[in-house]
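Visitor: I'd like to learn how to read domains, contacts and sheets off a model. Could you walk me through one?

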Amino acid sequence: MASDPHDISVSVNGKTYQRTVDSRLLLSDFIRHDLLLAGTHVGCEHGVCGACTILLDGLPVRSCLLLAVQANGHEISTVEGLAAPDGTFSTLQQAMHDHHGLQCGYCTPGILMTMTAFLNENTSPNEDEIREALSGNLCRCTGYQHIVDAAIAAAAKMQSGSR
Amino acid sequence: MKPAPFKYIAAATLEQALALKAKYGDDAKFLAGGQSLIPAMNFRLARPAVLIDINALKECSGIAPHGSGGTRIGALTRYRTLQNDGSLGVAFPLFGEALPHIAHPQIRNRGTIGGNLSHADPASELPALVVAMEAAIKVKASTHERRIAAADFFQGLLTTDLQPDEMLVEIELPAPQPRTGTCFSEVARRRGDFALAGAAASITVDQEGLCTHARLSLCGVGETPVDASDAAAILVGQRVDTERMDHVADAVRRMIEPPGNVHATPDYQRHVAGVLTQRILATAYDRACHGL
């Protein structure tokens, strides 16, 4: 029962979706409930935890602090778009796996999106820069050390030429 | 944790946005970065009947020279743009020093300077910065426009001088005087979080190293950014030595009424504000005398 419906067209992971959404629908809920892309997790819903981080036109943003209607005409990337079509992990995903960068995994999609954008911008980051980039993502399991290790390893591997 | 129903209108031009605000008044909120407004709506602390999305108003975004050595910043300019602008941090070192303390990368990619100042969260850094920098805030309505000194803009907790039909459109930063040193520092529990206390200072000296002008402001320790320039005025005409800085810090401790929170009692915040005051005055004075 939409009280203020809007037609939107959004590109998510390269695929264009056209939907009618109520203005009060959060982008995070639109991605999960309307598009059934449940890889984007919802934690605090007020912009603190970072679990719902997606890329909007290539930049990491909190999808719980955007309205779905605001995404009209924009490009979104979610965790579902990181691996190759055959399921091969991206370099960062593989590094997170190799370095035990996750335990319960709830924060992981947000961290992957944040760090994917960060490593595109900063190809040879030091540990301090990585921790600064990670500062908007809460992880209660790992203590962050293994995530930092994974990011350092992924950056080194990406520098040496693989994706 | 979901917003109450509202009517959403994406404004295509500034004129349209202002006409809508004139029509709906206090029932409408402008939606810029949404990094304060949407959480407030998710919590149902804010229930605007109408949201006027101004994100398409390109004319309200950007950084441009203004007057002799000053800078104009469009209200819709995002933190990311401010931080990535190489010349802004050079021309206004206080800005350059404070920007990395503001929020987290995901917030910086959306949050705007105009939205931040309009929201007027006293814990936020930017209101204290524009007060210390003696910025002017330009607001517009369909029928008029006016400039407000930053020190007069913030009137209470989350309350500004903005009238129901007005929009903050621009911030004007005046050129710093020669031999001016600035410093910003804050204490926060976690990088990017709101500070327990933060302080900004700007000190100008003459050829002999005597202070000719001093501005001091604090964030996180009251209902508005605290303009403590009156407390710092005792430095004018003087060399800024330890005794005088202690004096200013004492005055700051007396004048503020920190709210306290789960991480800090009001007394601890008062203590931190005093220590920060001493530190930033010393650094700003040193920079004024020796450059930077």
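Predicted model: local features only at pLDDT ≥ 70, side-chain atom pairs only at ≥ 80, totals over all residues.

Visitor: Which domains does the assignment give for chain B?

Guide: Domain 1 (7-53), domain 2 (58-173) and domain 3 (180-290). The centres of domain 2 and domain 3 of chain B are 21 Å apart, taken over C-alpha atoms.

Visitor: How many residues of domain 2 and domain 3 of chain B are in contact?

Guide: 23 residues of domain 2 meet 22 residues of domain 3. On the domain 2 side, helix H5 (93-98), helix H8 (125-132) and strand E8 (154-156) of chain B each give two or more residues, and H8(B) gives the most, with 6 residues. By class, that side has 15 nonpolar, 5 polar and 3 charged residues.

Visitor: And what does the contact take from chain A and chain B?

Guide: 25 residues from chain A and 23 residues from chain B. Strand E1 (7-10), helix H2 (37-42) and helix H6 (105-108) of chain B each supply at least two residues there. The chain B side has 10 nonpolar, 8 polar and 5 charged residues.

Visitor: Now the sheet. What holds strands together in general?

Guide: Strands of a sheet pair through backbone hydrogen bonds, either parallel or antiparallel. In chain B, 5 strands form an open, antiparallel sheet in the order E4-E5-E10-E6-E7.

Visitor: Why is one side of strand E4 (63-66) and of strand E7 (145-149) of chain B left without a neighbour in the sheet?

Guide: Because E4 and E7 of chain B stand at the edges, each with a single partner strand. Inside the order, 5 bridges join E6 (residues 136-140) to E10 (residues 167-173) of chain B; Val139(B), for one, has Leu168(B) in E10(B) as its bridge partner.

Methods: Residues numbered from 1 in each chain as written. Chains lettered and ligands numbered in written order. Domains from an automatic or database assignment. Contact = placed C-beta atoms within 7 Å. Helix = DSSP H or I, 4+ residues; strand = E, 2+ residues; numbered from the N terminus. Nonpolar A, V, L, I, M, F, W, Y, C, P; charged D, E, K, R; others polar. Pairing = 2+ DSSP bridges.
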